[in-house]
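Open the model in your viewer and keep the selection panel at hand. The stops below go from the whole chain to single elements.

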Amino acid sequence: MLQIKAVQFLEKAQKTVLNRRGEGFVDTAVKILISVVVGALVLAGLYLLFKDTILPTLTDRIKNMFNYTG
């Protein structure tokens with residue numbers, strides 16, 4: 001019984017090693033890297049586009065939050 005399970009395990013391991021389908025670690029890392037770079041470019045573009053409109057009011061609100069005199 002133990003020998004049969006060992007043979008089955010070895011056959012399964014061999015099939016897994018020889019399997020050419022699926023996604024590798026490098027593919028996943030490249031996808032994550034591309035996502036981070038594209039996200040940073042989008043955020044940088046939005047910052048340049050709306051810098052004069054949104055950020056001055058945002059900084060004023062943050063200063064007012066921490067400058068509370070009660």
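Colour by secondary structure and read along the sequence: the pattern is α-α-α. The protein holds three helices and zero strands. This is a predicted model, so colour by pLDDT next. The average for the protein is 83, and 87% of the residues score at least 70.

Now select residues 55–66, which form helix 3. Among the elements of the protein, helix 3 has the lowest mean pLDDT, 79, while helix 2 has the highest, 90.

Move to residues 2–18, helix 1. From the first C-alpha to the last, the 17 residues of helix 1 reach 24 Å, close to the 24 Å expected at 1.5 Å a residue. Is helix 1 buried, or does it lie in the open? The number of buried residues in helix 1 is zero, so helix 1 lies largely in the open.

Show the surface of the whole protein. Of its 70 residues, 0% count as buried.

F50 lies in helix 2, residues 25–50.

Note on methods: Residues are numbered from 1 along each chain as its sequence is written. This is a predicted model: local features need pLDDT of at least 70, side-chain atom pairs count only at pLDDT 80 or more; totals for chains, interfaces and linings use all residues. Side-chain values use heavy atoms; hydrogens and water are left out. Helices (H or I, at least four residues) and strands (E, at least two) are DSSP runs, numbered from the N terminus. Buried means under 20% relative accessible area, exposed over 50%, partly exposed in between (1.4 Å probe, protein chains only). pLDDT is the predictor's confidence in each residue, from 0 to 100. The expected span of a helix is 1.5 Å times one less than its number of residues.
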